[in-house]
Amino acid sequence: MAERERRPQDAPLPPGSRIGILGGGQLGRMLAVAAAELGFSCHIYCPEENPPAGDVAAAVTTAPYEDDEALAAFADSVDVVTYEFENVSEHAAAVLTAHVPVRPGARALATAQDRLAEKTFLQEAGIATAPFAKVDTLDDLERAAETLGRPSILKTRRFGYDGKGQVKLDESTDLKNAFDEIGGQPAILEGFVPFTREISVIVARAVDGSTAAYDPGENVHKNHILHTTTVPAAIAPPTAQAALEIAQKLVTALDYVGIMGVEMFHMDGDNTLIVNEFAPRVHNSGHWTQDGCAVSQFEQHIRAVAGWTLGNPARHADTVMTNLIGHDADNWLALASEPGTRLHLYGKKESRPGRKMGHINRLKPHTPR
Ligand code: AMP
């Protein structure tokens with residue numbers, strides 16, 4: 001792809017520069033570690049005291065995301081701002097952007113935060129999605145259920161994740177109850193996709209427009225939380241190639257900078273790939289790249305937001321990433337002693353059911369696709 005004309009703010013940040021990260025969880029922590037390996041330092045901004053990312057950062061601001069003064073002071077202290085969660089408000093992004101580049105930009109945030117905007121954008125970019133309809137009222141829902149049939153899935157437009165804010169409609173579901181269950185919020189109804197597997201592609205785009213995509217991983221969830229990502233996914237090489245091309249098309253259409261996680265449904269029968277959603281940030285289903293690839297998703301994101309060229313996303317090992325949820329991480333010594341396994345812990349002081357405490361990457365020799 002031809003290089004875009006470089007603006008002064010597109011110039012690569014030299015080592016020694018400071019990267020601001022909104023959010024202090026494990027994703028921010030792993031970004032800060034990767035940034036340190038390239039000679040950068042990080043400043044974390046989050047409302048919580050003692051965030052996991054704070055242990056490995058040069059500076060931490062503890063303030064609400066609605067505090068414009070604190071946001072402005074934070075932006076003035078760094079050379080670029082990125083984030084580890086997609087619900088950064090439009091207002092906060094605008095406050096920060098007045099001081100310093102924010103990557104990925106406001107358009108990526110606005111699109112990913114609203115399922116209707118996300119699905120509409122995908123459709124306009126020529127990327128297949130589940131059929132969907134806008135639902136603002138019970139009347140809309142009745143019409144949409146007629147058109148899309150059942151089963152179908154009612155999802156809130158905003159702030160839904162890990163299956164929250166969703167109701168499956170089957171033949172016996174009362175539509176009013178379903179709409180009440182999601183709080184009568186603006187929503188979409190999606191046709192049910194009878195998928196065989198869920199895969200995800202971690203893709204990066206640099207300031208100069210070049211892209212790099214990692215091999216698709218196959219995801220298995222338990223209790224609505226990602227359990228494992230297995231790479232390579234059990235799909236034929238042309239299907240894997242098609243998945244990478246979809247992800248690259250998506251980031252290019254969005255004029256995106258940084259890492260994006262793109263979740264897709266795959267159907268064995270007609271070999272269709274359908275994009276379910278995308279996250280404008282490093283993604284749990286990309287943690288396998290820390291040990292399966294020379295350049296991890298975290299380093300790749302730092303490279304992209306710092307205006308560097310992208311690193312090589314090639315995979316050198318087959319990898320199974322398993323999340324350590326709640327007390328799973330109590331087993332740390334046995335896991336750390338397993339040959340071929342790398343343990344990653346997030347430094348969280350307190351274990352709670354459903355809380356992500358760490359993950360492991362189990363490596364096997366590389367089988368080429
Ligand atoms: P989401 O919050 O959109 O990632 O959805 C959570 C989970 O619900 C997905 O991982 C799927 O297992 C399931 N799901 C979501 N949308 C659909 C759909 N249109 N058809 C079938 N299953 C779906």
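Analyst: A polar contact is a pair of N or O atoms within 3.5 Å; within protein, one atom must be able to donate a hydrogen and the other to accept it, and residues adjacent in sequence count only if both atoms are side-chain atoms. Here, a polar side-chain atom of glutamate 277 lies 2.9 Å from an oxygen atom of the ligand. For lysine 155 the corresponding distance to a ligand oxygen is 2.8 Å, and for arginine 115 it is 3.1 Å. This is a predicted model, in which local features need pLDDT of at least 70 and side-chain atom pairs count only at pLDDT 80 or more, while totals for chains, interfaces and linings use all residues. Residues are numbered from 1 along each chain as its sequence is written, and side-chain values use heavy atoms, with hydrogens and water left out.

User: Which residues around the ligand come nearest?

Analyst: A residue counts as near if one of its heavy atoms lies within 4 Å of the molecule or strand concerned. There are 16 residues around the ligand, and Lys155, Gln166, Glu190, Val193 and Glu277 come nearest.

User: Is histidine 359 buried or exposed?

Analyst: Buried means under 20% relative accessible area, exposed over 50%, and partly exposed in between (1.4 Å probe, protein chains only). Histidine 359 is buried, at 0%. Its side chain forms polar contacts with those of glutamine 290, at 2.7 Å, and tyrosine 346, at 2.6 Å.

User: Which residues have the most contacts inside the largest nonpolar core?

Analyst: In soluble globular proteins, nonpolar side chains tend to be buried together. A nonpolar core is a set of buried Ala, Val, Leu, Ile, Met, Phe, Trp, Tyr and Cys residues joined through side-chain atoms within 4.5 Å. The largest one here has 38 residues, and those with the most contacts inside it are Ile19, Phe40, Tyr214, Phe298 and Ile302. Domain 1 (2-102) and domain 3 (195-365) each contribute at least three residues to this core, with domain bounds taken from an automatic or database domain assignment. Apart from this core lies another, of 27 residues, including Ala108, Ile199, Ile235 and Leu273.
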